[in-house]
Amino acid sequence: MSTHDTPHTADVPEMPAPRVRESVAHSIGGGLALLLGLVGLLAGAATIVSATAVESTGGKAALIVFGILIGLAAFIAMCGLNMVAPGEARVVQLFGRYRGTIREDGLRWVNPPPLSASLERGDPHSSRTKISTRVRNHETAVLKVNDAYGNPIELAAVVVWKVEDTAQASFEVDDFLEFVATQTEAAVRHIAIEYPYDAHDEDGLSLRGNAEEITEKLAVELHARVEAAGVQIIESRFTHLAYAPEIASAMLQRQQAGAVVAARRQIVDGAVGMVEDALARITMGVPPAEAVRGWGRDIVELDSERKAAMVSNLLVVLCGDRAPQPVLNTGSLYQ
C-alpha cells in the first residue's frame, strides 16, 4: 500500500465543540398579531379622541394617558413581526442570549419583541438576525503551491455549501462567509502539498490521475474544517489543475516522452507476439483446421541462425516508424 493512500484526517485541525446548537424559536402566525396590533392602535387613538368629550380635567388626562399606553403597547407588540422569506432564517436574541431560530417562511410574530438596538463594532446589531439558508457556491482563486514532489502547480476549486445550523454560524465564528472561504483555501492547499500532480509509481495517488479519490478526500477535510460553523458541504470539485507556467513546457515534454515509451512498449509486445506466432506457424506447423485456409504443415526448417535473422527482420518491419523497403533474394535461402 502506498503512503499516499493513508487518510489525512489526522492533519485536520481539531475544532472546539460548539457551545450553542440551533433550536426552534417560539413564534405564531403574524396575521393575527398584525390584526391585534392594528386594533390596539385604533383603540388607543379612539381613547385619546374620546378624552376630548370628558369635562373633568383628571378624567381627560387619565384617558389620554391610557390611550397613549394602549397605542405604545400595540406598537411595541407589532415590532415582534418578522418577514421570513423562503430560503432564509431569523436568529432571535434577547439581551445577548440566543432564543431560537425561525425557519417558517411568511409573516411570523415572536415574543418578546425587540426593545432596543445597540451598536457593536460600528454596525447596527438586531435581535432578529437574517441568515440565508440557500445553497451557495464558493470558488477559490487560482492558487500556486508545490505538490508532494516539489513541483509548482496551479489549482482552483469550487465548493457547494449551505448553512445547516444557524446558531453555530452566528455565534461560533466571527464571520461564517469569510470562515468558509479561508478554510476552503487552506484545505485545497493542504491536499495539493500532500499529493503529486503525476505519480511516478503506479500504486500512488496523484492529483491528475485520481481525481475522484482526491475529491473525496477534499470533501472530508472541508467537512471537518467548517463543521464548527454549522456549514454543510454538498459538493467540492477542482476547476483548474495545471503545472505552473515556468515548468509547464518541461513537464509537457516529460509527459510526451512517457506516452512515447508506453506506445513503444505496446508495439514491441505486439510485435514479439506476432513473431512468435509466425515462427510457430512456419516451423512447427499448424492445426489441420488452419491448413484449410491456406496454412500448411512444416513449411520450411530453419536453423538457429536463420531463425535469429528472421526474428530480426520481422521486428524491424513491425516496430519501424516507416514502411520498410523490401530486398528480394532471387537465389537460394543460404545465398
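## Helix pairs and salt bridges

Let's start with two helices: the axes of helix H4 (residues 176–194) and helix H5 (residues 211–226) come within 9 Å and cross at roughly 140°. That angle makes H4 oblique to H5, because an angle has to be over 145 degrees to count as roughly antiparallel. As for handedness, H4 passes H5 in a right-handed crossing. Keep in mind as you look around that this is a predicted model.

Stay with H4 for a moment. The side chains of Glu185 and Arg189 meet here in a salt bridge, at 3.3 Å from N to O. Why are these two about one helical turn from each other? It's because they sit four residues apart in helix H4. Glu185 has a relative accessible area of 33%, so it is partly exposed, and Arg189 also counts as partly exposed, at 32%.

Now hop over to another helix pair, H1 and H2. Their axes come within 8 Å and cross at roughly 165°, so these two are roughly antiparallel to each other. This time the crossing is left-handed. Take Leu38, found in helix H1: its relative accessibility is 40%, so it counts as partly exposed.

Helix H2 (residues 57–78) also holds Phe66, which is partly exposed at 47% relative accessible area. Phe66 and Thr47 are 19 residues apart in sequence, and their C-alpha atoms are 7.4 Å apart in space.

Back to salt bridges: the structure holds nine of them. One joins the side chains of Arg103 and Glu22, at 2.6 Å from N to O. This pair links distant parts of the chain, 81 residues apart: Arg103 is in the loop between strand S4 (97–102) and strand S5 (106–110), while Glu22 is in the segment before strand S1 (27–29). Arg103 is partly exposed at 37%, and Glu22 is partly exposed at 26%.

Glu88 forms a salt bridge too, with Arg134, and their closest N and O atoms are 4.0 Å apart. Here the partners are 46 residues apart, with Glu88 in strand S3 (residues 88–94) and Arg134 in the loop between strand S8 (128–132) and strand S9 (136–139). Is Glu88 buried or exposed? With a relative accessible area of 15%, Glu88 is buried, whereas Arg134 is partly exposed at 40%.

Finally, look for a trio: Glu212, Glu235 and Arg237 are linked in a network of salt bridges.

Conventions: Residues numbered from 1 in each chain as written. Predicted model: local features only at pLDDT ≥ 70, side-chain atom pairs only at ≥ 80, totals over all residues. Heavy atoms only, no water. Buried < 20%, exposed > 50% of the residue type's maximum accessible area, 1.4 Å probe, protein only. Axes fitted to C-alpha atoms, helices over the stretch in contact; angles between N-to-C directions. Parallel < 35°, antiparallel > 145°, perpendicular 65-115°, else oblique. Left-handed = near helix turned anticlockwise from the far one by under 90°.
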